[in-house]
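Trainee: I have a model open and would like to go through how its parts meet. Can we take it step by step?

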Protein chains: 2
Amino acid sequence: MKAIAVEPGADGPVVIDVERPTPGPGAALVRTLRVGVDGTDGEVIAGHHGGYPADSNHLILGHEAVGVVEEPGDTRFSIGDVVAPTVRRPPGASNEYFERGEPDMAPSGAYYERGIEGAHGYMSEYFTSPGEYLVSVPSSLADLGFLVEPLSITEKALELAYASRSSFDWTAESAVVLGNGSLGLLTLAYLREKHNYDRLYCLGRRDRPDPTIDIIEELGATYIDSRETPVAEIPAVHEPMDLVFEATGYAKHAFETVAALAPNGVGALLGVPEPWEFDVDGGRLHRELVLHNKALVGSVNSNVRHFEAAVAALNKFPAWLFEDLVTGVYDVSQFEAAFDDDDTTIKTAVQFSEYEER
Amino acid sequence: MKAIAVEPGADGPVVIDVERPTPGPGAALVRTLRVGVDGTDGEVIAGHHGGYPADSNHLILGHEAVGVVEEPGDTRFSIGDVVAPTVRRPPGASNEYFERGEPDMAPSGAYYERGIEGAHGYMSEYFTSPGEYLVSVPSSLADLGFLVEPLSITEKALELAYASRSSFDWTAESAVVLGNGSLGLLTLAYLREKHNYDRLYCLGRRDRPDPTIDIIEELGATYIDSRETPVAEIPAVHEPMDLVFEATGYAKHAFETVAALAPNGVGALLGVPEPWEFDVDGGRLHRELVLHNKALVGSVNSNVRHFEAAVAALNKFPAWLFEDLVTGVYDVSQFEAAFDDDDTTIKTAVQFSEYEER
C-alpha cells in the first residue's frame, strides 16, 4: 500500500510502498479516509522531533486521521464504523498513564507518538490500532474527522485552564486566541459554540483581505493585528482577557499573556518554541501573577475523553466554517500540495480513500 | 486605648492613643490578644503599600490577629469566644466578591486591607469587625491564633494549586518550599500534616547552626542551601518536584520554578517582588510548561473558608513546632522588639492582653 513518509536524507516527504499492516489481538484494521497536515508535521519533516520506529528506516507521517473500520477483529467496532485514532502509544510495555487513560500526561520517554516520534503515523492506505485508542466519529463527519485530533488538543488545554479556576466562582466573558492558524481558528469556533463567550478576539499579523480574518469576523470575534496591538497592550486597547489561549509558539507571548489577563484569568499555553533568551520584567510579571491570582497552564496532547468532546463539538459547528477552514484536500498523487503553506492555506488534508455510506 | 501605628514622617511604628471603637450593627467588639508581625508590615512601614483610611492621619498596623469577643452585639458569637479576623473589607459599598465570600479574588480597588491599605489594622487593645469576617478559634489556640491568617494564605495557594491539577489523576509525592521564613516553615508543616508528602524540601540561604534549619529537619524535610543548589538545579541534585511553593518574593524563583517541577507539576507563587528586568530562556521555559503540562498559579490573600481550614490544621501541629517557630511575644511597651529581624527571629507577635479561660 502507499504511504507518505520521511526518510533519511530526503528533502521532504515521499510516497513509499509498504506492506499493509495486520492487526494483532485487540486491534482493528482501518481504511484511511483523510489525514490532516499541521505544523508538527513540518517539524517532523525538518527533523525536529524524535526518531523513527526501532525496526524502520523511515517514519510514516500523519497524526490527524479519520478512517473506516475494515476488520474490527475483537474490538467493539463494526465494519464500516468511522473512527479517529489517538496519537500516543506505549513505548513497548504499557505504563500507569496509558492504563488509566491519560497518556497525554505521560512524561517524555513514557510514550511514542504516531507520526511524530517512535511510531508510524496514519498517512497510509490502511493503519491498525488497538480498539481502546479509536474514537467513534458519526458518519456525517467522515470527511471532517481529521479535525477531531486538533480540536481535542484545544479541549485538553481548556480542561486544564478551567480546572485551574475551579476553586472559586469564575465567569469567563472575554477570551483572546493568540494565533490565527487552523488551531487558533478551530479554538475560536470552540469557544463560541461550547463556552459562550460574550467577547472573543483573535490575534494575528495579516493584512486584509485575508481568509482567516474573514473567518474570525464571521465567528463574531474581533481581529487584533499584533503589529498594531502587541499582546501586552490588549487590555488598554480592547479589554483585559479572562482567558488567553496561546497557539503561536512565539515564546514572548507566554510572558505577555500575564499582562493581557484580567484579574483571576488564566493563560493556556500550547506552543512549543525553541530555546530563546530575552529580557523580561520578571519582577512585575511575578507580582502580577500573585496580586491578581493569575495562572498559566501548559498543555500537550490529548486523550480519548478529549477526542470524544471534540467529536461532540465538531458536530455543532456551522457548515460554512468547514468550507472556509479546509482550504484543500488532496489525493495521494498530489500530496505535496497538502504540505504547501501560504496565506491562502488554512487547513489541508491528504485523502487516501473516499467514504461511502453503507 | 493604645494602638501601634504608622504616621507620616515617622521613622517607624509608634504607640498612639486612640478612642476605643464602637461596633455598629452586625459587628462585634473584640479585645485583642496577640497580633503577628510579618514581611508585609515591613512594607507598610516602608510606605510600599496604599494609603491611610480616608478620615485618618495614621494607619494602625497589624493583619494577623487573634482576640476575644467582648461585646458580641447581634453577631453569632458569645462573650469570651476566641476569634481571628480576616483582612479584606469592602471599600465603602460591598461588591460581588464580598457578597459571595471571595474577597480574596477581588481585583485592586475592590477592597481595603486592614492594617495594610485603606483600613486600620488590629494592633490596638480593641478592634471591631462584622461577624461575617470573624472566624472561631478554639480556646486552646488563643495564644497561637495569630498564626491562622498566615496559614490561611498557604491554604488558599494550595487550594488553587491542587485545583489546577484536578482534571487528571495527580499524586503529589515531592514538594519544595522556597523560603525558610515563618510562612515557608508553616507551609512545610502544613504539607507534612495535611498533605502527607513523602518527600519534603525547604530552600534557604543560611549557614548551620540555624534555628530554621533545625525546624526543617525536625519536620523530616531536607534543607537545600540555595547558594549550593540553585532552584533550577534541584531536580539534578535531589529530584523533580511535584509541587513548588514559592515564598521568597525573589522574582527569578518564579521562573526557575518551571525547571524545578516534575512533569505535570505546579508552582504556587506567593511572593510580591518589585519590578526587575532580567534575562530568561523564555523559549525553553515556554516549551517546558507545554510539553510537560506544567502550571504556575499566583495566589494572594485568603477568605473565611481558608481561615477555617487553617484553624483545623493548626490544631494538629505538634507543640514543639510552635515553641520553636514563635521566637518572641512582646508586650506593647516593648513592641519595637517584635519588628526586629535577625537570624534568630522566626515569628514574633505583639501581645495586647492575656487570654483567661472563663
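Trainee: How many residues of chain B are in contact with chain A?

Mentor: Keep in mind that this is a predicted model. Chain A puts 48 residues into the contact. By class, the side of chain B that touches chain A has 24 nonpolar, twelve polar and twelve charged residues. The number of residues of chain B in contact with chain A is 48.

Trainee: Which element gives the most to the side of chain B that touches chain A?

Mentor: Several elements of chain B give two or more residues to that side, including helix H3 (148–164), helix H7 (251–260) and helix H8 (282–291). With eight residues, the element that gives the most is H8(B).

Trainee: In S17(B), which residue is the bridge partner of A:Asp279?

Mentor: Strand S17 (residues 277–281) of chain A and S17(B) run antiparallel and are joined by five bridges. In S17(B), the partner of A:Asp279 is B:Asp279.

Trainee: Within chain A, are H3(A) and H9(A) roughly parallel or roughly perpendicular?

Mentor: Helix H3 (residues 148–164) of chain A packs on helix H9 (residues 304–314) of chain A with the axes 8 Å apart, at an angle of about 110°. Angles of 65 to 115 degrees count as roughly perpendicular. H3(A) and H9(A) are therefore roughly perpendicular.

Conventions
Residues are numbered from 1 along each chain as its sequence is written. Chains are lettered from A and ligands numbered from 1 in the order in which they are written. This is a predicted model: local features need pLDDT of at least 70, side-chain atom pairs count only at pLDDT 80 or more; totals for chains, interfaces and linings use all residues. Axes are lines fitted to C-alpha atoms, for helices over the stretch in contact, and angles run from 0 to 180 degrees between N-to-C directions. Helices (H or I, at least four residues) and strands (E, at least two) are DSSP runs, numbered from the N terminus. Angles under 35 degrees count as roughly parallel, over 145 as roughly antiparallel, 65 to 115 as roughly perpendicular and the rest as oblique. Two residues are in contact if their C-beta atoms, placed from the backbone, lie within 7 Å. Ala, Val, Leu, Ile, Met, Phe, Trp, Tyr, Cys and Pro count as nonpolar, Asp, Glu, Lys and Arg as charged, and the others, Gly among them, as polar. Two strands pair if DSSP finds at least two bridges between them.
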